[in-house]
Amino acid sequence: MQRAQRLDKIPPYLFGEIARLRAKVAAEGVDLVNLSIGDPDQPTPQPIIDKLCEAANNPETHRYDESEAGWPEYLSAVAKWYKNRFGVDIDPDSEAMLLLGSKDGLAHICWAMIDPGDISLVPDPGYTVYKVNTMLAGGDTVAMPLLEANGFLPDLSAIPSDAAKSAKLMFLNYPNNPTGGVADLKFYGDVVKFAREYDIAVVSDIAYCDVTYDGYVAPSMLEIDGAKDVVIEMHSLSKSFNMTGWRIGFAVGNSDIVAALNKLKSNLDSRQFPAIDLAAAYALNNVTNEQTLALYKRRRDILVDGLNAIGWKLNKPVASLYVWARVPDGYTSADFAKMLLMEAGVLVIPGNGYGEYGEGYVRMSLTVADDVNGDRVTEAVKRISELNIKWS
Ligand SMILES: Cc1ncc(COP(=O)(O)O)c(C=O)c1O
């Protein structure tokens, strides 16, 4: 029996060695501080759970969702949220669709838009789903480097013109995983202009748009005039409302791109339990998650202030769940992550796992299991301090 050859296109698991060492360290009984995964450690706010229970008691939610693009009350709530949050009008009937989390949409948009030989422009470092699915669909990727010197924004003028001419998709993600970088409307305006000029569909991944600190408010690319000619934006409730396990998100924007993705997905899945859609509709327009955000901010401050006090030079991210830290001279990302794990019992992700331009960095997450009000992060800083790392 032979599996499909396309699976050979999936790059080797870059965290392989770290995963192996982590298992080893854990087996030795080391008390690990886990700053690796970006998965909210706090529970979903209770009013959302209550709404789910109420919706689950409605037998109408026990059957297939046979609507065109997602449970209508949910898509109306999405449109209302866009209007209130960004001042953007979305037609819930033609410009919005339900996703099983945003990863669903980000992966499947490649299958809806990419033919063999087509190109996607992808951020590097970046969420690996964009690249892997472009490759699985038979396409190729061209990296857009996200450099610290450029505020972790790609330099659109540096994209080779033959790549721009043949690209069908461009992926962008702000607030950014893994760098914590943010984009403003000026940049989004440049992107829309560029995409219209080269006839590229832009996929704007705003998974972290409501994980923000210090009063920062993240914009939507759809705020730009003419954006709906080229942009599909994807979001989910995962990070905003501690709902990663619920698998609920949405895509909005250009109606042709939405229709293409919906055509594909209507042949792949039958959506999820509609009670989840009703609870999510309620969450979007009625619930805030301030306590969790205050906790992330506290952890961010403990981590960044603590490490800067011993010579690191970190900026405080105003959004996302991540601190993106340059590694000391003489280390690769992987060496440094390995050293922190073996000598301090602190687990971080080596930046090269996110692409070539992630080399030289590690990612530390602010979602920390078993952390009570920053105590585990304080412990991580203490242990790292004791390593007496030399910074040149
Ligand atoms: C940049 C980015 N986009 C999208 C996702 C997918 O999240 P979900 O599928 O839970 O919406 C993640 C998850 O970590 C992410 O980091």
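Visitor: Which residues are buried in α4?

Guide: This is a predicted model. A residue is called buried if 20 or more other C-beta atoms lie within 10 Å of its own. In α4, the buried residues are Ser102, Lys103, Asp104, Gly105, Leu106, His108, Ile109, Cys110, Ala112 and Met113. The helix is thus mostly covered, with ten of its twelve residues buried.

Visitor: How far does helix α4 reach from its first C-alpha to its last?

Guide: One compares the reach of a helix with the span expected at 1.5 Å a residue. Helix α4, residues 102-113, reaches 17 Å, close to the expected 16 Å. Helix α3, residues 72-86, has 15 residues and reaches 21 Å, close to the 21 Å expected.

Visitor: What covers the buried residues of α3?

Guide: The buried residues in α3 are Tyr74, Leu75, Ala77, Val78, Ala79 and Tyr82. Their cover includes β2 (96-99), β8 (249-253) and α9 (274-286). After α3 comes Gly87, with a positive phi near 70°.

Visitor: Into which domains is the chain divided?

Guide: Domain 1 comprises 5-44 + 289-385, and domain 2 comprises 46-286. Their C-alpha centres lie 26 Å apart.

Visitor: How many residues of domain 1 are in contact with domain 2?

Guide: In general, the size of an interface is often given as the accessible area lost when the parts come together. Here the description is by contacts: 30 residues of domain 1 touch 32 residues of domain 2. On the domain 1 side, α10 (290-308) and β9 (322-326) each give two or more residues, and α10 gives the most, with five. By class, that side has 14 nonpolar, nine polar and seven charged residues.

Methods
Residues numbered from 1 in each chain as written. Predicted model: local features only at pLDDT ≥ 70, side-chain atom pairs only at ≥ 80, totals over all residues. Domains from an automatic or database assignment. Contact = placed C-beta atoms within 7 Å. Helix = DSSP H or I, 4+ residues; strand = E, 2+ residues; numbered from the N terminus. Nonpolar A, V, L, I, M, F, W, Y, C, P; charged D, E, K, R; others polar. Expected span 1.5 Å × (residues − 1).
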